[in-house]
Amino acid sequence: MNSASRIVLLVFLLSGCGESADREVSLGALRESPAGFTQAAPGMTVSLPEDMGPHRDYRLEWWYLTANLHGADGERFGVQWTLFRIGLRPGPYQEKESGWRRDEIWLAHAALSRPNDHRFAARSARGGTGQAGVTVQPFRAWIDHWQLESNHSGNWSLAVDSEDFAYRLHLKPRLPPVLNGDRGFSAKSTGGGGSMYFSYPLLAIDGEVITDGQRFQVAGQGWFDREWSSQYLQPDQQGWDWLALHLQDGRHLMLFRIRGDEPYFTGTLVAADGSARTLGADDFSLQPSEYRDSRFGRVPVVWQMQLPAAGLDLEIRSWPGDYWNPGQLRYWEGPVSVSGSHSGEGYLEMTGYAD
Amino acid sequence: MGLGTVFLSHYRRHPGQLAGLLLILICAAMLWSGVRSLTGRAEDAVAQSRAALEPRLSVVRVDGQAVDVADFAELRRAGLCASPRLQVTFPASEAPEVVGIDPFSAACLRQYSVGTPVVDELVAELDQPILLGSASDLARWRRLSLPGMGEYQLQETEGLPSGVLLTDIAVAAELAPSGRAGLEILLPAAELDRLPLPAGYRGQIEDYGVEPDPLVEAFLLNLNALGALALLVAALLVRSIYRFALEQRRRSLEILVRLGVRTARLRMALVVEVLLLALVGASLGVLLGEWLASAMADGFQGTLSGLFSVDTLARSPPALETWFGMVLILVVVVGWAGVDLLMLGRREQRTVAEMEKRRWLTTPTLVPLILVAVSLAVLLGAEKLWLIFLATTGCLIGAGLLLPGLLNRLLARVQRRSRQPLLEWSCAEMRALCRLLQLPLVALAFAIAAAIGVQAMVAGFEATFARWLDQRLQGDLYLDPGRPLVNGAAADWRGRLQALPGVKTVLPMVRGRGLVDRMPVDVLAIDPASTLVRGWPFLAAVSDPWSALVERGVLINEQLARRQSLALGDDIRFRLGTKMQSREVIGIYADYGRPEGELLLPLATLPDVLPRSYTTFVLGTTAANKINWQDWPGQYSWLAGSRLRDQTGLKRAANAAFARTFQMTRLLNGLTLALAGTALALMGLVIFRLRQRSYTLLHVYGVPRRRLRRRLLVHSMLITGLLGVLATPLGIFLCWVLVARVNPAAFGWALPLHLYPGFWLQVWLVCMLIGAFVGALMRDPVHLETLKNE
């Protein structure tokens with residue numbers, strides 16, 4: 001493992017205790033491409049269901065769920081559950097038996113958000129022991145007793161249990177997965193570099209959320225991302241603003257802006273029938289219009305988005321509160337509500353802001 | 001000419017005085033801050049290990065199979081906060097043990113989550129096989145020369161247990177084939193209140209998680225007290241030098257007053273001088289103290305881990321507070337010395353000599369006598385260690401005050417009875433010296449007493465210990481299997497050992513931990529029928545204790561008997577693992593050298609699971625020197641990795657452990673004695689110069705120069721020699737305090753009081769040598785110039 005991977009580890013592991021960390025060093029984790037790992041490139045494509053499983057020749061990948069849920073009495077909840085895999089050395093690994101190894105690290109982040117309330121929990125494990133991992137058939141992603149798994153009918157269930165919150169959810173993929181970018185290669189800059197990226201744009205969700213000893217029966221919708229790469233950002237890029245939105249008319253929208261010397265915009269618009277269109281910088285505009293002073297500095301929390309070709313003129317507003325997931329590479333992951341030409345809901349993720 | 005220059009001019013004229021003063025201050029600061037640095041670190045280590053205490057379980061499989069990585073994954077998948085620990089031991093007896101932990105789950109155990117940055121270190125270096133450990137353990141590791149060892153990055157890390165190299169569990173697993181590995185899956189006991197263990201597993205207590213006796217504090221208090229004694233000696237010396245300086249400076253100060261310098265300003269200048277002296281002394285002393293502490297750290301750590309299982313000693317640079325504290329202490333020391341100078345204005349009219357004389361005449365012998373009596377009474381009744389130290393200090397101060405007076409009276413009596421005028425003069429001269437050198441003489445007396453006392457205790461301990469060890473070590477060979485023997489393996493080993501050539505008897509000994517009255521105690525289980533235990537000495541026992549042990553009884557060590565106030569016939573309730581038992585005390589045995597309480601039980605009474613259970617064997621042979629037991633581990637594969645030692649080897653190891661324990665005490669004593677001797681020499685030199693006039697007068701009256709020179713030498717030697725003799729009872733008293741009062745309070749065992757007249761002779765000789773040295777420094781006591789002003 002080179003120094004960059006070591007930094008990645010620290011970045012993710014030292015959740016909550018890295019207040020004095022050098023953020024530039026932390027961001028290096030997403031920018032540097034260590035030798036021996038495969039780099040995502042244009043022309044590569046996605047094949048399912050294999051690509052639901054781990055890619056041991058890539059350095060960093062994730063299984064990423066965000067969901068907007070509602071309680072029986074109108075309570076609003078945001079749920080995030082992410083499993084990261086970080087390769088310490090490029091795979092495939094020879095050892096088939098389980099054992100104590102130093103090949104890869106698994107990390108999971110779980111968060112439960114309500115207006116003005118954000119709870120976060122993290123877990124980490126080494127690969128090779130069976131303590132954490134992902135299998136393709138049946139699809140199962142787990143770390144300790146946190147688990148996302150599919151059943152024989154193709155539906156998924158998620159169980160997360162932490163000190164101050166828990167959730168048990170049933171997820172039904174309502175639309176087939178969509179390939180983002182160029183048949184799954186999602187560029188992150190004009191100069192090349194990016195990741196392999198596909199999403200399940202609509203998961204119908206119901207289940208139970210427990211917080212402060214209270215149980216809530218919940219229902220709602222979610223967005224699930226699969227992404228893998230060995231270098232996400234270019235050296236001049238500081239971070240990204242990412243949005244996944246569910247509009248009331250049944251359409252779904254994923255957009256992101258990479259902030260660098262030259263900002264890079266792209267996105268995917270998914271029609272109600274599941275057909276998807278990749279969006280370029282010329283197709284839409286996305287600009288912050290309001291900021292909020294948060295725990296770790298000023299962040300844009302209201303965004304104006306126009307996509308004239310699809311008749312969209314949206315104002316995207318973060319829920320009131322502070323939605324930072326702590327750690328050395330802390331990031332904002334919080335629910336948003338959508339108004340304007342269409343109403344809706346979704347999630348906003350921002351990296352590279354924290355001071 | 002400024003006031004400062006006038007002040008400095010004194011030291012320019014008497015540079016030896018300044019050097020002496022600074023030397024004493026630096027030495028005292030070095031001793032005190034060095035000792036404090038070590039004891040402070042130990043206190044931190046104790047606090048840290050206390051914070052890391054928690055009842056801990058080791059998860060085992062019900063089917064008796066050893067746990068492996070799949071079991072760990074299963075427990076984690078069940079939601080339990082379990083963490084693995086892979087211990088790898090190597091055949092070489094001096095090799096450190098490699099302990100592999102999983103940094104990702106280590107936070108589950110308080111021991112790795114409280115104040116240990118090692119976990120982050122292991123995560124950050126996950127790509128490189130890194131071993132963390134103390135410098136000495138890493139050095140031992142390098143000597144091992146295992147295959148592929150060059151790949152391992154070694155990093156010196158403080159705060160780790162000695163004899164252990166910590167690493168990532170994957171690295172330990174890579175090393176496992178070169179040694180013997182044992183995997184444990186640990187779990188805080190509290191986890192099972194939250195979740196049950198999955199079927200097929202059970203938890204056995206690995207650590208009760210209770211605090212041991214605060215004995216280590218008593219040990220540290222001992223050391224601090226020695227450091228304080230050094231400070232006391234230094235205070236006396238500094239005061240004597242400063243008071244003496246007063247004599248020399250009074251005239252120049254008076255001139256300054258007459259010239260119009262206000263006494264307030266004069267006092268301020270003196271305060272500045274005191275502060276400067278304290279500042280220089282403290283700064284250099286603290287630096288040297290750190291050096292002293294690091295030089296002694298290894299021995300000290302060995303002692304601590306051997307005696308109290310405190311072995312996470314971290315090194316820390318001297319803090320600003322340490323330095324500031326030292327400056328303050330020295331300000332008090334120098335300030336006390338200079339208090340007479342500060343009172344200058346009020347006592348202007350009296351000369352110092354008059355003051356000295358007055359004090360000398362009026363010092364009542366009653367006050368020190370009362371002090372000694374009261375302190376003795378307190379000492380006899382006190383149980384608390386600090387009270388014992390306080391009372392001892394009282395006795396010492398009282399005796400110190402009496403001692404010069406005693407010397408004076410002795411000389412006065414000789415003076416009265418002497419028929420020869422020169423002898424009479426000599427006596428008067430020595431009395432004058434006693435008076436002038438009162439304080440450094442008292443300091444020297446303390447140092448002598450401490451040397452005699454500590455030597456008697458150490459030598460007494462060694463003799464008692466050696467005798468006790470001879471009686472206790474009945475077998476010829478001692479076998480450490482090098483790994484815990486579980487699931488009936490001990491019985492299997494016993495059979496195999498019995499079959500070895502030349503082996504007559506085999507005695508398995510199981511050590512573990514139990515609880516008495518919520519305090520952890522050691523448990524030792526043996527076979528009472530074995531012939532190897534027949535010769536055991538007891539402090540008190542019922543008749544035929546070994547058969548009573550089988551039926552109803554328990555043997556306990558002196559420490560436990562004292563601590564729990566137990567006598568023969570009392571019942572004692574104790575917990576072994578999860579089982580409570582109650583047995584009758586049928587014997588109390590001496591168990592020197594460590595503070596832990598111990599229960600001795602028959603093997604049959606042990607539960608299946610005893611925390612920290614470890615089996616060793618004692619072998620009785622036909623003739624140990626005729627069998628090649630050294631080759632056994634090579635010959636028999638099942639003995640590979642085990643350690644065999646014969647009786648002499650074991651004794652050597654035990655003695656080495658104690659030599660290390662006392663090394664510090666001896667070093668501190670030696671330094672104190674050297675300090676007192678040096679100070680006396682410096683003072684003596686100046687005092688003798690003051691007395692030159694009387695020697696010169698005698699020379700003028702016709703006594704030859706050579707004879708006077710010899711006489712001066714004899715005076716000096718007689719005073720220090722007599723002081724040595726007079727300080728000897730004080731030393732015996734100190735030894736009694738140490739063996740009969742301090743030891744039971746600090747360690748739980750008492751020692752018989754032994755006297756060593758041979759050593760006294762050595763000390764007296766050293767005293768006379770100091771005297772001779774002081775006398776010899778004078779070279780020629782006759783200086784006609786001293787009569788010039790008369």
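**Ground rules.** Residues count from 1 along each chain as its sequence is written, and chains are lettered from A, with ligands numbered from 1, in the order in which they are written. Since I'm reading a predicted model, local features need pLDDT of at least 70 and side-chain atom pairs count only at pLDDT 80 or more, while totals for chains, interfaces and linings use all residues.

**Where B meets A.** I looked up the contacts (C-beta atoms, placed from the backbone, within 7 Å) and found 18 residues of chain B touching 21 residues of chain A. Helices and strands here are DSSP runs numbered from the N terminus (helices H or I, at least four residues; strands E, at least two). On the chain B side, α3 (69–77), α5 (118–124) and α7 (169–175) each give two or more residues. α3(B) gives the most, with 6 residues. I sorted that side by class and got 12 nonpolar, 1 polar and 5 charged residues. Nonpolar takes in Ala, Val, Leu, Ile, Met, Phe, Trp, Tyr, Cys and Pro; charged is Asp, Glu, Lys and Arg; the others, Gly among them, are polar.

**Helix α17(B).** Which residues of α17 (489–498) are buried? I noted Ala490(B), Trp493(B) and Leu497(B). Buried needs 20 or more other C-beta atoms within 10 Å of a residue's own, exposed 12 or fewer, with all of them placed from the backbone. Seen down the axis of α17(B), the buried residues fall within an arc of 60°, so they line one face; the arc uses directions from the helix axis to the C-beta atoms. They pack against β10 (503–516) and β17 (614–621) of chain B. The face turned away carries exposed Asp492(B), Gly495(B) and Gln498(B).

Key. Two residues are in contact if their C-beta atoms, placed from the backbone, lie within 7 Å.
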